[in-house]
Amino acid sequence: MTIAAPKVGFVSLGCPKALVDSERILTQLKVEGYAVAPNYDDADVVVVNTCGFIDSAVAESLDAIGEAMAENGKVIVTGCLGKRADIIREAHPGVLSISGPQDYVSVMDAVHSALPPAHDPFIDLIPDYGIKLTPKHYAYLKISEGCNHRCTFCIIPSMRGDLVSRPVDEVLREAEKLAAGGVKELLVVSQDTSAYGVDVRYAPRTWHEKIYETRMKSLCEGLSELGIWTRLHYVYPYPHVDDIIPLMADGKILPYLDIPFQHASPKVLKAMKRPGAIDKTLQRVHNWRKVCPDLTIRSTFIVGFPGETEADFQMLLDFIEDAQLDRVGAFTYSPVEGAAANAIEGHVPAEEQASRLARFMALQAEISEAKLAAKVGTRQSCIVDEIDGELAIARSKADAPEIDGLVQIQNGFEAGLKPGDFVDVDIMGSDEHDLYGEVPFDD
Ligand code: SF4
């Protein structure tokens, strides 16, 4: 007789780091014989993995918990907002349990007490690399937890603690399993990828009989052995980042850096408690481009930080004009409960913030549009994400999933493409975000 597997519903909110936590919990649930329910009605209990980074994320998380309570009634809360259990209990006193980020043990304990596992040896057949929430052909690879910085607008260190790096051999083994399972693109994530290994003094480990240090460059060298795309996210513009640019120029890892610069005025950067030597940063960006002309730089900025004057804002505009960043996201500053920046004098009025954001985005739109237009007439290596009618929706080396642009391949279906395929595309058109092209056929 087959025992019906108890079913757990799962709601995953927040950033890629939270997504990796969700994947780990889902993997553990599968290992223990639980099934994942596709909707609230079928679930015996629901886990909500929350985000608490900014106030809008808190509201979204509380709404998601409320919906799960209304639709199902048995709800286990985990993730970043779990660090602020009081506001969850106040809004939703009936939740079964609350735990913080990466607290897989507490989540599983809560699931066990709400819903004892059914033991069936035939249902724990799961892939070697665990459960993934991303499409089969790309995966996030989390290399560390926590952060040693204390940016004044951020409460992540108080929620996730100081930096704890995963040993490099463990990360490389996970990457290898993902590649063996069909993953073609790895997205390296952390709170600060350039700080990887500082906490363990770059401890050397062995992988495939070769020594690798627990350090960003050594990790990149190991990942390049897998022969798939590796993309780096959340890198600080430190001097040692210079060392990995030659790996990009040699095609070992993608020529792509996601660097959250956040601002360009030394005064505002100091108030944010971030590295303030913006002239050196700009010089570094120019040098990187000399070594690797194809380098794509994506960044995020905060506009209207407390104390930001028109002169500070102008420095920010001058920086993006000079740095010619490829992809940029920007937000107006909004206070986060518990963040040190709340106490800084000179909060910028909301209308002024909105007007500066609009000016910033208008300038960046011109830059991004011109950079994409310069690609018309070139041939770009792309990875296919999906087929949509006649089109294949793909991304070039310059485009990270979810956050950057797309390459629409007009003859993708005709060319027989499928998700996960690598393909060269002749670029024939562009707009502010995306590229349009065709697979070249032999004459
Ligand atoms: S680097 Fe700054 S913004 Fe990023 S997680 Fe650490 S403290 Fe927060």
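**Exercise 1. Locate Cys147 and decide whether Cys147 is buried or exposed.**

Step 1. Cys147 sits in the loop that joins strand E7 (144–145) to helix H5 (156–160). Helices (at least four residues) and strands (at least two) are DSSP runs, numbered from the N terminus. The model is predicted: local features need pLDDT of at least 70, side-chain atom pairs count only at pLDDT 80 or more, and totals for chains, interfaces and linings use all residues. Residues are numbered from 1 along each chain as its sequence is written, and side-chain values use heavy atoms, with hydrogens and water left out.

Step 2. The relative accessible area of Cys147 is 10%, so Cys147 is buried (under 20%; 1.4 Å probe, protein chains only).

Step 3. Beyond its neighbours within four places in sequence, Cys147 is in contact (heavy atoms within 4.5 Å) with Pro157, Gly161, Asp162, Leu163 and Gln191.

**Exercise 2. Work out where Cys151 lies and which residues Cys151 touches.**

Step 1. Cys151 is found in the loop between E7 and H5.

Step 2. Cys151 counts as buried because its relative accessibility is 10%.

Step 3. Leaving out residues up to four places away in sequence, Cys151 touches Tyr236, Met272, Lys273 and Arg274.

**Exercise 3. Describe the shell around the ligand.**

Step 1. Residues around the ligand (a heavy atom within 4 Å of it) include Cys147, Cys151, Cys154, Gln191, Tyr236 and Arg274.

Step 2. The shell divides into 7 nonpolar, 2 polar and 1 charged (Ala, Val, Leu, Ile, Met, Phe, Trp, Tyr, Cys and Pro are nonpolar; Asp, Glu, Lys and Arg charged; the others, Gly among them, polar).

Terms used:
Buried < 20%, exposed > 50% of the residue type's maximum accessible area, 1.4 Å probe, protein only.
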